[in-house]
Amino acid sequence: MSVMSLVTEALVSAGSLAKDDWSTKIDRLSGRAYDIKHELNDFIQQCYGDFVPLLTTTDNIHVKLCQLQADVESLQSSFDNVVKSQIRDSTKEFEKLSVEHLKTSKLTDALEKLYLIHTSLEGYEKNFKTKQFFEASTWLKEIGNTLSSLEGDDLVDTSIYNALRTKFSWCQQNLQYTLDEIWRDSIVWTLPLDDDTEGTGTHLSINFVNASDGVSGQDVVHSLMTCQTLSYKLQKFAKNVLQYLFEPVVVSSFSPVIKCEGAKAVIKLEKKICLTDSTQEFHPDIVFGKVLMCLEFLYNHLLNLKLSPGTDKDEVLMSLFRKYVCEDTIKLLIDHCLRKSIPNTKEELNNYDKVAAVVKQFESSLQSMHFIPEEVTQFGGLIDFISDIHVHFGNQRCAAVLRKARKLMKMDIHETVEITSDAEYNDETTNLLQSSKLYKPSELVVQAVTKILNSEMSLSENTMRLPRFRVSKAAKELIELAYQTLHEATTSSPESAMRMVITTQDVFELYAAVVPMYHRESLLNLPQVAALHHNDCWYISHHLLTLGHQFSKLLPGKSGGVELSFAHQVPMLRHLGSECFLAQMRKQRDLLLECLAPLKKFQSTPNVDKYMIAERPVKQVMHQLHHLRKVWSDILPDNVLQTSIATLVNSAISEVVSCICTMEDISSEDSIQLKTICCVLEDQIPSLFPALDSDDSTDVFGKRDLTWQRNVRKWQRLAELIFVLDASLIDIVDRWAHSKGPLASSFTAVEVKGLIRALFQNTERRANAISKIRY
């Protein structure tokens, strides 16, 4: 080939190729191979097609093939040893040139950026001197972006880069300081002192129309936004507005006053003395008007400035300001204004539409100033609070019920009222219920009564009547509060009704928790208070048995018709009253036993002092029992009073008899004294149990109702002991009557034998008598 390939030319020009042309050699070898191919083809055709013996021709072709193969191998070896090495050398040279070129390009780009920074600094200086701060801040922003793009470059370590970087930081600080001064001079706060007792309010002056020496407030805002410091300043400003403007206006009786002095606008708070009802100062209409006046002042003189230059649709400062103060302001208005406006009665609730209209108008005004978004999703808005006014009303009423209940529970228990069967059906609570037709029996009650009548069974008309007793005034008012709450629930919304029902149940749970702890000392130390608490618990339990059934059919919504019951709280309250009274009974029993303790020293005392030592404890016991009867007689029901006194009398008799039975030696004189002491008990104990239908405690024994003796189970034991102390051995044996006599019904054989051994000397007659005392 006459024309050499590009590779060949490159190699020849580099001086690395031999004189022979590699391409020419390859072409020649290809031609020779092609010629041999034709010769071989003709030979094979003649050999296998024409069957002509051509040995000489075959040898010639073989020789040619061997030469061709040798030339090809020689060319390949030369190509591997020479050409490939030359190609590698040229590639390395090319890569080196490329790297150098890349470094040159990067250096050129860096130099262009440094020049751009230089020109930007000149532009900043020019705009800063002419007080065009927004353009100056834009230049600084471009410089900052350019410097950031140079990070990691080798040029960073050069002095020119460091000088530009230092210049940029100085310009940035200078611009920020200048903007801070303009902001501080344009927005001036005068805050009240901590020791200010005259009620001097806050002063706030704003002059952003012409901020300083021809600098517009809009330009300052744009500059601060570009420097990314506007959010911090506005957040601090919003905190001051909330603390020193909104809180005094909403929480206290401060009122805003606005004055305009040219381009300067001033708002200050003044505390006005209200001569009328102070609650009117915190009415939503008045409070919302004050807050709206403050917001309008801020919006007209500051917060209507745009965040960035552009069209009219761009956001204003208010959209950023509300992020820091809107939620707290709404919460402040709800907690300190709207919650105070929650109605206390059903009549006020029906007239609450006026307040709702004020709230809607106020929220619409806030939306027009962009203070709150059109859709409040992050927190509950004012409209949401008004929409749930029935729930808030129910919550407030329930809280008021619990507060009143707790106040009643803390009242002194000794302030009492008398409860009688007639009074229960004619008191104020019953009149209220009858006027509301709440005593109408439910279908279940009617069915139960019909079933009883059809089965020829009858209940006494006094089945559900209470006996005459006294309860604390607090317990009586607590029951009336429960009836009033449930009656109010019947005229409320379904949600409020169920809440009031649950609150009524909580009242009695609260009673069980508060009263025993708050009156703990009185219940433990004063028998009268313990008895009153016992009556209170049983009185409340009596009403709880039927309280739910009276209101079940009258509750609104899905609650109506559901059988409401408070009966599950009855065992708790009854147990509470019983345990308190039993604890007082145990304490009184221990006091009686402590009084009778000297009887155990009767045998070891000289004869002169024996009677006095034995008589004094008995008199103390009777005095204590009479005192308890006097304290409890006007409080406890007659049957409870009789049972309680009888229980204590049983304990006293048991202790006296036990002390005498454990004596090992009783002389005739001692037996007379012991009998006298027992007779004192026998004579005075009946006076503790007057007739149930008579208050005259001076009735003679013969005219007295003796049913109390069924409760004083130890009475017969005392009478038999008196008999034994003055009887002979024959009389004792006859009264034993082979364990069938009255003595055997009160004493055991062991006790009787012990008394015989203590009273009589050891003789054959005593032994015979003892042998007859057996079962």
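A crossing of two helices is left-handed if the near helix is turned anticlockwise from the far one by less than a right angle, and right-handed if clockwise. The exercises below use this term for a predicted model.

**Exercise 1. Determine how α20 and α21 are arranged, and which residues form their contact.**

Step 1. Helix α20 covers residues 527–551, and its axis lies 8 Å from that of α21, at an angle of about 160 degrees.

Step 2. Angles over 145 degrees count as roughly antiparallel. That makes α20 roughly antiparallel to α21.

Step 3. The crossing of α20 with α21 is left-handed.

Step 4. On the α20 side the contact includes P527, A530, A531, H533, H534, C537 and W538, and on the α21 side it includes V570, L573, R574, L576, G577 and S578.

Step 5. Sorted by class, the contact of α20 with α21 holds 13 nonpolar, seven polar and one charged residues.

**Exercise 2. Work out the relation between α21 and α23, and state the hand of their crossing.**

Step 1. Helix α21 spans residues 570–595 and helix α23 spans residues 638–661; their axes are 10 Å apart and the packing angle is about 30 degrees.

Step 2. Angles under 35 degrees count as roughly parallel, and α21 and α23 are therefore roughly parallel to each other.

Step 3. The crossing of α21 and α23 is right-handed.

Step 4. From α21, the residues F581, M585, Q588, R589, L592 and L593 meet S644, T647, L648, S651 and E655 of α23.

Step 5. This contact of α21 with α23 consists of five nonpolar, four polar and two charged residues.

**Exercise 3. Describe the open sheet of four strands and the helices that pack on it.**

Step 1. The strand order is β1-β2-β4-β3, and the pairing is antiparallel.

Step 2. β1 (187–190) and β3 (254–261) are the edge strands; each has a single partner strand, so one side of each lacks a neighbour in the sheet.

Step 3. On average, neighbouring strands are turned by 15 degrees against each other, direction ignored.

Step 4. Strand β2 (residues 203–206) runs antiparallel to strand β4 (residues 264–271), and four bridges join them. Opposite I206 stands A265 in β4.

Step 5. Helix α7 (residues 230–251) packs on the sheet and touches β1, β2, β3 and β4; the direction of α7 makes about 45 degrees with that of β1.

Step 6. Helix α8 (residues 284–303) also packs on the sheet, touching β1, β2, β3 and β4, and its direction makes about 25 degrees with that of β3.

**Exercise 4. Characterise the packing of α7 against α9.**

Step 1. Helix α9 comprises residues 317–338; the axes of α7 and α9 come within 9 Å and cross at roughly 25 degrees.

Step 2. With angles under 35 degrees counted as roughly parallel, α7 and α9 are therefore roughly parallel to each other.

Step 3. α7 and α9 cross in a right-handed sense.

Step 4. Among the contact residues are L230, S231, L234, Q235 and F237 of α7, and L317, L320, F321, Y324 and V325 of α9.

Step 5. The contact of α7 with α9 divides into 16 nonpolar, four polar and two charged residues.

How values were computed: Residues numbered from 1 in each chain as written. Predicted model: local features only at pLDDT ≥ 70, side-chain atom pairs only at ≥ 80, totals over all residues. Heavy atoms only, no water. Pairing = 2+ DSSP bridges. Helix = DSSP H or I, 4+ residues; strand = E, 2+ residues; numbered from the N terminus. Axes fitted to C-alpha atoms, helices over the stretch in contact; angles between N-to-C directions. Contact = heavy atoms within 4.5 Å. Parallel < 35°, antiparallel > 145°, perpendicular 65-115°, else oblique. Nonpolar A, V, L, I, M, F, W, Y, C, P; charged D, E, K, R; others polar.
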